[in-house]
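Hello,

Here is the structure you asked for. My notes on it follow below.

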Amino acid sequence: MECTYKEFMNAKPKSFDDTGGVIDLTRWFKKTESVFEICACPETSKVKFAACTFMDRALSWWNGYVKSLSLQVANAMSWEDLKVLMLAEYCPRGEVQKLEQELWVLTMKNSDITAYTARFSDLAILCPGMVTPESKKMERYIWGLTPPIQGNIIAANPLTFDSAKRLTQSLVDHEFAKAP
């Protein structure tokens, strides 16, 4: 049984308005794909349904795109093609280069491992070439840690990025608990 527009909207897809930058676009992709999965949305309806979540500037961009082709042609494109089109529109190469530079110099501030890990994870999604394979991702993550934590993580030799994150959190928690 095919997913209807009503079922898609009842699953509460995230709207996209082009105000949150590259990270917001990436999160919108993931949330929309999750709703597609939950609703068993057929490929032929994905673009049509997703476009209904556009607001403000994104809606204006989409309407301009549709006007240049036709609604039928625009809705017939694949989800992957829409993602490529949106990445080209909302993630100019200069912006991606800024994010890559930020990832390259990102370091943990004081003992705020939560903020460091969150920003690292966001940037890793946006700059996959800098953190693939997983060993490169772990290396980049460990490099940004404070020296005492960094040394302990290297000595522990974690096998996965997730285990490196957990171990780092544990070490930071332990260090913070010892502080007067």
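The largest pocket is lined by Val22, Thr26, Phe29, Lys30, Lys83, Leu87, Cys91, Val96, Leu99, Ile125, Leu126 and Pro128. A pocket here is an open set of points on a 1 Å grid over the protein atoms alone, where a 1.4 Å probe fits, with protein on both sides within 12 Å along at least five of seven lines; lining residues have an atom within 4 Å of a point. This is a predicted model, where local features need pLDDT of at least 70, side-chain atom pairs count only at pLDDT 80 or more, and totals for chains, interfaces and linings use all residues. Residues are numbered from 1 along each chain as its sequence is written, and side-chain values use heavy atoms, with hydrogens and water left out.

The largest pocket holds about 240 Å³ of space. That volume is the space filled by probe spheres set on the grid points, which are joined across faces, edges and corners. Two or more lining residues come from each of α2 (21–39), α6 (79–90), α7 (93–105) and α8 (113–126). Helices are DSSP runs (H or I, at least four residues), numbered from the N terminus. α2 gives the largest share, four residues. By class, the lining has nine nonpolar, one polar and two charged residues. Nonpolar means Ala, Val, Leu, Ile, Met, Phe, Trp, Tyr, Cys or Pro; charged means Asp, Glu, Lys or Arg; the others, Gly among them, are polar.

Now the cysteines. The whole structure has zero disulfides, a disulfide being a pair of cysteine sulfur atoms within 2.5 Å. For Cys41, the nearest cysteine sulfur is that of Cys3, 4.6 Å away. Is Cys41 buried or exposed? Cys41 counts as buried because its relative accessibility is 8%. Buried means under 20% relative accessible area, exposed over 50%, partly exposed in between (1.4 Å probe, protein chains only). Cys127 is also buried, at 2%.

Next, helix α3 (residues 43–51). Its buried residues are Ser45, Lys46, Val47, Phe49, Ala50 and Ala51. Their cover includes α1 (5–10), α2, α4 (56–69), α5 (71–76) and α6.

Last, Thr107. Thr107 sits in the loop between α7 and α8. Thr107 counts as partly exposed, at 28% relative accessibility. Beyond its neighbours within four places in sequence, Thr107 is in contact (heavy atoms within 4.5 Å) with Tyr116, Trp143 and Gly144.

Best wishes
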